[in-house]
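Dear colleague,

Please find below the structure that I am handing over to you.

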Amino acid sequence: MIKFKNKTKQALLLSFGLTLITSVTGCKPKTAGSAVTAGAAEKVYVAPGKYDDLYAFVSGGFSGQLAVYGFPSARLLKVLPVFSQNPENGYGYSEETLPMLNTSHGFVPYDDLHHVQVSQTDGVMDGRWVFVNGNNTPRVARIDLKTFKTVEIIELPNSAGNHSSPFITENTEYVVAGTRFSVPDDGVEYPIHTYKDNFKGTISFIGVDPKSGEMDISFQLELPPLNFDLSHSGKGPSSGWFFFSTYNTEKAYTLLEVNASQRDKDFIMAVNWKKAEAMIKAGKGKKKSVRYAHNQWNEETHSASSTIKTEVLTLTADQLREVCYFMPCPKSPHGTDVDPSGEYIVGSGKLAALLPVFSFAKIKKAIENKDFDGEYDGFHVLKYESVLHGEVEKPGLGPLHTEFDDKGNAYTSFFVSSEIVKWNVKTLQIIDRVPTYYSIGHLTVPGGDTRKPTGKYVVAYNKITKDRYLPTGPELTQSAQLYDISGEKMQLLLDFPTIGEPHYSQIIPASKIAENSKKFYKIEDNKHPYAVKKESETRVVRDGNKVHVYMSMIRSHLSPDNIEGIKVGDEVYFHLTNLEQDWDVPHGFAIKGAQTAELLIMPGETQTLKWYPKLAGITPFYCTDFCSALHQEMSGYIRVSPAGSNTPIQFGTGENAPGPKK
Amino acid sequence: MQNLIKSSSISTLTRILSILCGVSIIAVVFLPIWRIELDAPQYPEGLSMQIFSNKLSGDVEIINGLNHYIGMRTLHADDFIEFTVLPYVIGIIGLFGVIAGIIRKRWFFFTWATIFLVFAVLTMIDFYIWEYNYGHNLDPTAPIQVPGMTYTPPLIGFKQLLNFGAFSIPDIGGWIMIAVGAILTTLGFYEIKRKKHV
């Protein structure tokens, strides 16, 4: 450990700090006016009707959703509901989608979505699925890129603050999830001040089925109570390893701002996951009794199911001495990013005045030679100098994340000095720097954390917008900036607002996704128990105080559109099947007084809205999505009779509507 | 050589082409004959319907779904007696062409060529009658009623029908029929001219 204990060193540090401040003042961000050069507009102009070259999946942060943009135009294509309810399409409100948000705590309709990973094959994005993390109630979700739908959510037991997630291995063998907030095992309470003794950090390895994508917690690593912040898989030579940044090696449990920032160096933890996997296969995992939800969407029944699982395999700290190694890294490292070759690992110490780059070859050698610098909680600590490739000097203030291009360059975001700095990974020389507006967090180069980045753009995701857009009261939008990085100098092209708070994103060539995009569901494949395959099957069935309405929708009518015999106190289920078999013809469904949301039903799909009629009278319902020239006519009435009345169930449409025949 | 050929026989060229035309006509039984392409602001990708000798294919269901707005009857293969008869008629006419080439009889060739041409014209007339009926016999309770508007698709070429542009053209089978018609007409003149010279 390097520690500054004497006054000489303190003085040195102070003078170094001052030098840094002066040098940083020299590169004060320029004003927006001077930052945009000619030709920027042309580079982002995608003519009306033309497609963008790239899809960008951008985290919505505390909105709990995922935004899909087209680049380079930065047009917002869609907001995908993941962890938060979405009244726009009934996600988290419809009977079918409710189980997606089930957890061991019951229904949790919100989360804080930070990081995004597109599934990989051979270290390159394959465009099959997107994985995202829920930070608050620890969960990992999988979105299918054929349908752009959340198809699976798995909860993580014995975890809190699921931040170093959902980073994936080169062939999507595993998605990892590490605790940012160490906690004791679920359901066990201790005095908080016994943190050091009773709290633990855990890292979950979630196995992914290579064909179906189905997730399953393969094993958990039980570790000292550090705050595991971010992570990235090794690749190439470092294949089989995973790197996690940590902070709070001080093991503080209060006023972390100060108490977790005391040590000069925290750690990047290198995990030999192949070895951990082999131990699990050899039966060395300990079964732990837990409770966590595993929720899956079925595309044939158009319904989710939720299962509570009760067991997890754990490797305890004493078993992991030859699996996990700690590398000292200056000042509370945040991003831990592996370059495309897999040889270099960049640690971004949030409070550090330099940027260390570690060499995997040296890490391997240090482990072989037992070149250790003592222990931390029984784990070997590698000697900083032995594993260091070198340091980028005076890079900026507050380094957070690094992405890479295909020419051997790295792009690091600096929150405090609000800039992106381009530097050469081998020579560690700074090549260029550009301001961001303002206080960049994550940044993304298309494929920038994979084996094959395309060094055309870098996107900055910012925390503060202040004077960038027209003001919208106290709450302002957050933003992103697109830069051209094809030349030596980075060039600002575009500045645009985002949804929620954008953290990480992944950007992938459109060709890998667009042609697989599903257009509609085949009605003959619909296995929903309450589906109707044609209009003649529509009906209303009473079962005690439960009423099931089997309703169809096709341009431009709902069937049945006259329903009588519903009573106050009933529990009414509207099972809506969209009979259309064509692209872009969804129908919506809303009913007056429903305390849920609308449904938006895709062609060939069935969705259910539950409704409690509370007042006798006539209740209209209608299609909310302007589907056709006669959309306004796509509506109907329900007669709600008082509780206990004898109105019989009657229903119909057109000539079959209840009443005297014409 | 020509003097040796009996005046009641057709030339070798006519024989070969008759057989080729006959085989091609038989192929038409399995090929789309006509196609109608539709496009509208709501369907930038376009809708298309292909007419075979025995069926309709393409986006028939989608087109049927839209027909009810203007009160046009939905299209069902069962409504057309033609789909039962046409494959046989076309097959037999094709077979006659092959026979005409084999037996070389001049009278047979001319009879066959005439039957084919008459058949082709009658088919087009029949097609037009269907189109006219579909375009004119509209449900009086249809939601969209434009005074004076009818929806007969073009027999061939382009026509704007409300928001839909309808483009009607022969498909591969149709082009074969047209080519056969042209070849037979030319051969007919050729044979008449040839007889005068003999």
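**Helix packing in chain B**

In this predicted model, α3(B) crosses α4(B) in a left-handed manner. Helix α3 of chain B spans residues 82–103 and helix α4 of chain B spans residues 106–136; they pack at an angle of about 160°, and their axes are 9 Å apart. An angle over 145 degrees counts as roughly antiparallel, and α3(B) and α4(B) are therefore described in that way. On the side of α3(B), the residues making the contact include Val89(B), Ile93(B), Phe96(B) and Gly97(B). On the side of α4(B), they include Phe109(B), Trp112(B), Phe116(B) and Phe119(B).

**A sheet in chain A**

Chain A contains an open sheet of four strands, in the order β29-β30-β31-β32, with antiparallel pairing. Its edge strands, each pairing on one side only, are β29 (440–444) and β32 (491–498). From one strand to the next, the twist averages 20°. Strand β30 (residues 457–462) and strand β31 (residues 478–484) of chain A are joined by six bridges. Ala460(A), for instance, has Gln481(A) in β31(A) as its bridge partner.

**Nonpolar cores**

The largest nonpolar core has 121 residues. Those touching the most other members are Ile206(A), Val271(A), Met327(A), Ile420(A), Val458(A) and Tyr483(A). Beyond its neighbours within four places in sequence, Met327(A) is in contact with residues including Phe267(A), Ile268(A), Phe358(A) and Leu382(A). There is also a second, separate core of 35 residues, among them Val532(A), Ala590(A), Leu600(A) and Ile638(A).

With kind regards

Methods: Residues numbered from 1 in each chain as written. Chains lettered and ligands numbered in written order. Predicted model: local features only at pLDDT ≥ 70, side-chain atom pairs only at ≥ 80, totals over all residues. Core = buried A, V, L, I, M, F, W, Y, C linked by C-beta atoms within 7 Å. Buried ≥ 20, exposed ≤ 12 C-beta atoms within 10 Å, placed from the backbone. Contact = placed C-beta atoms within 7 Å. Pairing = 2+ DSSP bridges. Helix = DSSP H or I, 4+ residues; strand = E, 2+ residues; numbered from the N terminus. Axes fitted to C-alpha atoms, helices over the stretch in contact; angles between N-to-C directions. Parallel < 35°, antiparallel > 145°, perpendicular 65-115°, else oblique. Left-handed = near helix turned anticlockwise from the far one by under 90°.
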